[in-house]
Amino acid sequence: MEHVIEMLNIRKEFPGIVANDNITLQLKKGEIHALLGENGAGKSTLMNVLFGLYQPEKGEIRVKEKPVKITNPNIANDLGIGMVHQHFMLVDTFTVTENIVLGKEPKALGKIDIKKAEKEVREISEKYGLAVDPQAKISEISVGMQQRVEILKTLYRGAEILIFDEPTAVLTPQEIKELIQILKKLINEGKSIILITHKLKEIMEVCDRVTVIRKGKGIGTLNVSDTNPVELASLMVGREVTFKTEKKDAVPKGNVLEVENLVVKDHRGVSSVNDLNLSVRSGEIVGIAGVDGNGQTELIEALTGLAKSESGKIKLNNKEIQNLKPRKITESGVGHIPQDRHKHGLVLDFPIGENMVLQTYYQSPFSKSGVLNYKTIYQKAKQLISEFDVRTPSEFTLARALSGGNQQKAIIGREVDRDPDLLIAAQPTRGLDVGAIEFIHKRLIEQRDKGKAVLLISFELDEIMNVSDRIAVIYEGRIIDIVNPKETTEQELGLLMAGSTRSKEGVNSND
């Protein structure tokens, strides 16, 4: 079978780091080929070389057996290569159609022919089974829909080879199922796909072959039918990885967090947390399970002072903290690992060292009379970087230059180091590889074992089942049930998350 893409002995260097060290990747026509590696292994760099965003120092790229020079993404597009980036490249204020045709707009009499563009978008979306509303604004559609727009953007430009960079990192379980169907459909239409991922379940389900890279070096290419998740995990990380989180039974004591009859409105003024009741005790992890959009975001924002609560009480160690300013809540003993690390966790254009003191920079020893003590700040950062295994060239490197997993470790180091009584971990492992996930789960359990209260909010059911001591199911802004992870199944949890109730015989459907 012919190779549609060959990347031969690619070397890409950045100051002080070899991101790709002689890597070879060959994509056959009509296959889904996984590119597997830890955060920061060099996967995205390699694909950015293929897409023309970076130029390699050494190596050769061939498209359909012919050597090519891809010096920018327009050349990649002309060669039939399209890329769906992890952080979508969409204009929020534009419509779906305007985003898809951007730069390739059909024109009539010197003006953009928007009717023709919408017709073309409809045709292409029907052909590939990617239903979208051509007139909807990007800012008003779900993340899963935005991803469809990104895919249609590449197909509209005639892509035969599609690169997907961590496509499931921001999707709900339901959207992941839909995406897998879309990938299979694209292959049936004659496309070839490179899938950058670290989710082993998805590789086993949908990929034909997998190329593993570790710390910038190619480890090898395997047929998926000849391997298994355990072998892939150890090839990727370089050691054996445990998928089951080891933990002793919790020994909870008194309530640290008590939420009573909480009501919170979303940005449109609609109540999305409705009369919610919840408690978290010291020495336990309570997981919140629910489909995205059932009030999780608004609950986290109310608990951390980022949103006002309309009514109800939030008590921390018996003191009411609802509607206090975020800094007051932080100082009263709340740590927060936010669900969007870029928006609420880091200042991306600050050095990682300064990000380590974002919650404490105004306190001694980091400042005196309003003047920052940089020497102490960077000493502290260095200690946390080593303690939490944050892989960065130095503490002076900008936060945006770190991989997602290392950004997340930095946030967790900063929050855990403050020794909060309540740690709120929202999607703490979103978009991370098995090694980083294992590390973060251990840290959450460590906090629990120190007698802290941990509230875990996650869309990953296996994470909720694995790490929690109790699971609170949220549906339409209420906690509708609390279950013991040892006594439930993913199926039962899934039904509860869809709004079913439990009876003595099991789960009843509300439909």
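Reply: One cut-off first: a residue counts as buried when its relative accessible area is under 20%, as exposed when over 50%, and as partly exposed in between. Keep in mind that this is a predicted model.

Let's start with Lys-409, which has 7% relative accessibility and therefore counts as buried. Its salt-bridge partner is Asp-389, with the closest N and O atoms 3.2 Å apart. Asp-389 is partly exposed, at 30% relative accessible area. Lys-409 sits in helix α14 (residues 404–417), while Asp-389 is in the loop between α13 (374–387) and α14, so the pair ties together parts 20 residues apart in sequence.

For contrast, take Lys-116 and Glu-120: both are in helix α4 (residues 114–127), four residues apart, or about one turn of the helix. Their closest N and O atoms are 3.8 Å apart in a salt bridge. Here Lys-116 is partly exposed at 44%, and Glu-120 is partly exposed too, at 22%. In total, the rule finds 31 salt bridges.

Where they meet, 15 residues of domain 2 are in contact with 16 of domain 3, and about 1,300 Å² is buried between them, 58% of it on carbon and sulfur atoms.

What about charge across that interface? The rule finds one salt bridge there. Six residue pairs are in polar contact between the two domains. On the domain 2 side, α10 (326–331) and α15 (434–449) each supply at least two of the touching residues, and α15 gives the largest share, with five.

Now the packing. The largest nonpolar core has 49 residues, with Ile-151, Leu-155, Phe-164, Leu-186 and Val-210 making the most contacts inside it. A second, separate core of 38 residues includes Ile-337, Leu-402, Ile-440 and Leu-444. Of these, Ile-440 and Leu-444 fall within the α15 range, which brings us back to the helix that gives the largest share of domain 2's touching side.

Methods
Residues numbered from 1 in each chain as written. Predicted model: local features only at pLDDT ≥ 70, side-chain atom pairs only at ≥ 80, totals over all residues. Heavy atoms only, no water. Core = buried A, V, L, I, M, F, W, Y, C linked by side-chain atoms within 4.5 Å. Buried < 20%, exposed > 50% of the residue type's maximum accessible area, 1.4 Å probe, protein only. Contact = heavy atoms within 4.5 Å. Buried area = accessible area lost by both parts, 1.4 Å probe. Salt bridge = Lys/Arg side-chain N within 4 Å of Asp/Glu carboxyl O. Polar contact = N/O pair within 3.5 Å; in protein donor to acceptor, adjacent residues only side chain to side chain.
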